[in-house]
Amino acid sequence: MPNGAEPPEALVTGSGLSFAYEGSLVLEGIDLTLRRGEIVTLVGPNGAGKSTLAKVLVGVLKAKSGSLDVKAGTVVGYVPQRLNIDPTMPITVRRFMSLGSPARDRGASALADLRIGHLMDKQLRELSGGQLQRVLLARALSRKPDLLVLDEPGQGLDIESQAELSALLGAVRNQGCAVLLISHDLSLVLSCTDRVLCIDRRICCSGTPDSVVHDPDYHRILGPRAADALALYQQRSGGAEVVDLRKRADRA
Amino acid sequence: MLDDFFMRALLGGVAVALIAAPLGCFVVWRRMAYFGDALSHSALLGIALGLLLDIDTILTVAIVGAAMALLLLLLRRRGRLANDTALGLLSHGALGLGLLALSFMEGLRLDLLGYLFGDVLAVSSSQLLLIGLLGVVVVAVLTFIWRPLLLSSIDSDLATAEGRSGSAAEVVFLLLLALVVAAAMKLVGVLLITALLLLPAAAARGLARTPEGMVVLAAGLGVASVVGGLEASLLWDTPSGPSIVVAALVLFAVAQSLPSLGRLVAVTGR
């Protein structure tokens with residue numbers, strides 16, 4: 001590179017990834033690289049294949065075609081949208097944490113960092129949705145991941161916690177972790193993301209939040225919601241093109 | 001001591017209850033009751049095979065069960081076996097096939113009841129040894145795969161994403177389940193194996209705070225069911241398998257009402 005700066009290390013490189021459920025194509029020709037020190041966010045309508053793509057990238061689902069290259073030794077922290085646990089399973093938060101990383105103090109300090117240390121001896125099945133979300137996040141972080149994948153982490157969190165989440169992800173990124181975020185909450189997305197991928201089965205547009213929110217494809221796919229979130233974003237960053245973009249979105 | 005048929009039955013029954021407890025808990029946690037049913041119903045085919053080849057039926061049931069487990073797993077992985085209907089079809093299809101195969105064998109029809117509902121009072125010393133051996137294998141392997149299996153039972157996606165080879169643990173678990181089905185067949189019979197797996201685990205669920213605690217409780221309740229059921233069958237001359245299952249059912253009902261009983265005592269005691 002001319003300025004001598006190497007691009008950060010790529011942990012996951014997928015090219016031409018496709019996936020089908022019962023014959024119908026959910027993902028098609030996705031090219032995506034996740035690098036250290038970068039927060040990449042997937043946005044898109046319901047059923048666009050966001051969760052499916054995340055699952056393919058962490059190896060839960062196997063792509064039907066395309067190639068996936070994961071750097072050997074990559075430690076993955078995965079925060080699923082919800083936990084599939086059966087209510088008959090008796091297990092404390094402490095034990096659940098220890099199944100993520102055997103080092104005892106790591107689990108405790110991760111819980112304390114998210115201010116949920118008091119949940120340590122609660123049964124997993126007794127937690128509220130927001131508490132479980134935090135436990136899952138703490139557990140993923142306690143693994144000291146190279147790659148952190150979060151599927152809708154904002155669900156069940158109040159606005160204050162969302163600001164907290166956004167700050168937390170920023171800190172994790174600055175430690176050299178690669179972050180893949182899936183979110184419906186566009187204000188969260190725009191406030192902490194380095195790169196946005198707008199997908200609807202295939203990648204429709206991608207780039208910095210600034211460039212993507214000006215892309216007509218983004219508005220076509222996400223509709224009026226996109227413009228609302230953008231209004232919020234522009235207020236924060238002092239922009240003035242909101243009205244214009246709303247009109248564009250309506251036309252699209 | 002082993003010369004006494006009742007003592008043999010008791011020993012065999014206790015051994016089966018002990019190894020059924022951890023697997024029963026995993027069957028409950030992983031919501032695989034139907035899977036267990038399909039597996040145990042395939043045991044009849046194993047029995048037919050054993051009689052045909054003149055090998056101990058416990059061995060052939062274990063082998064056929066393992067094959068069935070792998071087949072079910074394959075169908076599930078392919079996404080073809082998502083619902084109860086498909087599993088029910090396979091389960092009862094296996095039962096029908098097994099019954100048909102057995103009906104072709106001359107002079108064996110009278111023993112059918114024993115296969116369906118258990119014949120533990122006729123367990124031989126060598127079969128007792130085989131059951132004990134299966135038990136040792138099951139417990140040893142289960143200890144080895146405990147952590148990944150536990151995590152994949154909480155959430156299999158999470159286990160896979162973290163590279164904990166949850167799917168390998170699942171395959172091993174199903175093979176162990178086939179072994180337990182083979183060991184339990186003699187005790188309660190093909191039709192009641194799932195009950196022996198599920199009832200003690202379900203009874204223990206509300207009373208335990210840890211997975212291991214639930215397994216220990218389920219083992220205790222399973223042993224109590226076996227002892228109680230066998231004593232009752234001796235006392236009232238009832239068939240042994242159903243007696244054990246009914247004893248487990250009674251314990252389940254008692255365990256279910258324990259929390260509310262506790263509340264009642266707390267209220268009236270004031």
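This is a predicted model: local features need pLDDT of at least 70, side-chain atom pairs count only at pLDDT 80 or more; totals for chains, interfaces and linings use all residues.
## Chain B overall

Chain B has 12 helices and zero strands. Read from the N terminus, its elements run α-α-α-α-α-α-α-α-α-α-α-α. The radius of gyration of chain B is 19 Å, close to the 18 Å given by the globule rule for 270 residues, so the chain is as compact as a globular protein of that length.

Along the principal axes, the C-alpha atoms of chain B fill a box of roughly 65 × 50 × 35 Å. Of the 270 residues in chain B, 51% are buried. Where contacts in chain B link residues at least 6 apart in sequence, 73% of them join residues at least 24 apart.

## Helices H1 and H10 of chain B

Two packed helices are described by the angle between their axes and the distance between the axes. For helix H1 (residues 5-29) and helix H10 (residues 193-205) of chain B, the axes come within 8 Å and cross at roughly 75 degrees. H1(B) is therefore roughly perpendicular to H10(B).

On the H1(B) side, the contact involves Ala20(B), Ala21(B), Leu23(B), Gly24(B), Cys25(B), Val27(B) and Val28(B). These meet Leu196(B), Leu197(B), Leu198(B), Pro200(B), Ala201(B), Ala202(B) and Arg205(B) in H10(B). By class, the residues of this contact are 12 nonpolar, one polar and one charged.

## Where chain B touches chain A

The contact between the chains involves 23 residues of chain B and 19 residues of chain A. On the chain B side, H1, helix H7 (125-154), helix H8 (156-161) and helix H11 (211-236) each supply at least two residues. H7(B) gives the largest share, five residues. The side of chain B that touches chain A comprises 10 nonpolar, six polar and seven charged residues.

## The sheet of chain A

In chain A, three strands form an open sheet in the order S2-S1-S4, with antiparallel pairing. Strand S2 (24-35) and strand S4 (65-70) of chain A are at the edges; each has a single partner strand, so one side of each is without a neighbour in the sheet. From one strand to the next, the twist averages 15 degrees.

Strand S1 (residues 10-21) of chain A runs antiparallel to S4(A) and is joined to it by five bridges. Gly14(A) has Leu68(A) as its bridge partner in S4(A). Helix H1 (residues 50-57) of chain A packs on the sheet and touches S1, S2 and S4 of chain A. The direction of this helix makes about 125 degrees with that of S1(A).

Methods:
Residues are numbered from 1 along each chain as its sequence is written. Chains are lettered from A and ligands numbered from 1 in the order in which they are written. Axes are lines fitted to C-alpha atoms, for helices over the stretch in contact, and angles run from 0 to 180 degrees between N-to-C directions. Helices (H or I, at least four residues) and strands (E, at least two) are DSSP runs, numbered from the N terminus. Angles under 35 degrees count as roughly parallel, over 145 as roughly antiparallel, 65 to 115 as roughly perpendicular and the rest as oblique. Two residues are in contact if their C-beta atoms, placed from the backbone, lie within 7 Å. Ala, Val, Leu, Ile, Met, Phe, Trp, Tyr, Cys and Pro count as nonpolar, Asp, Glu, Lys and Arg as charged, and the others, Gly among them, as polar. Two strands pair if DSSP finds at least two bridges between them. The radius of gyration is taken over C-alpha atoms; the globule rule is 2.2 Å times the number of residues to the power 0.38. A residue is buried if 20 or more other C-beta atoms lie within 10 Å of its own, exposed if 12 or fewer, and partly exposed in between; C-beta atoms are placed from the backbone.
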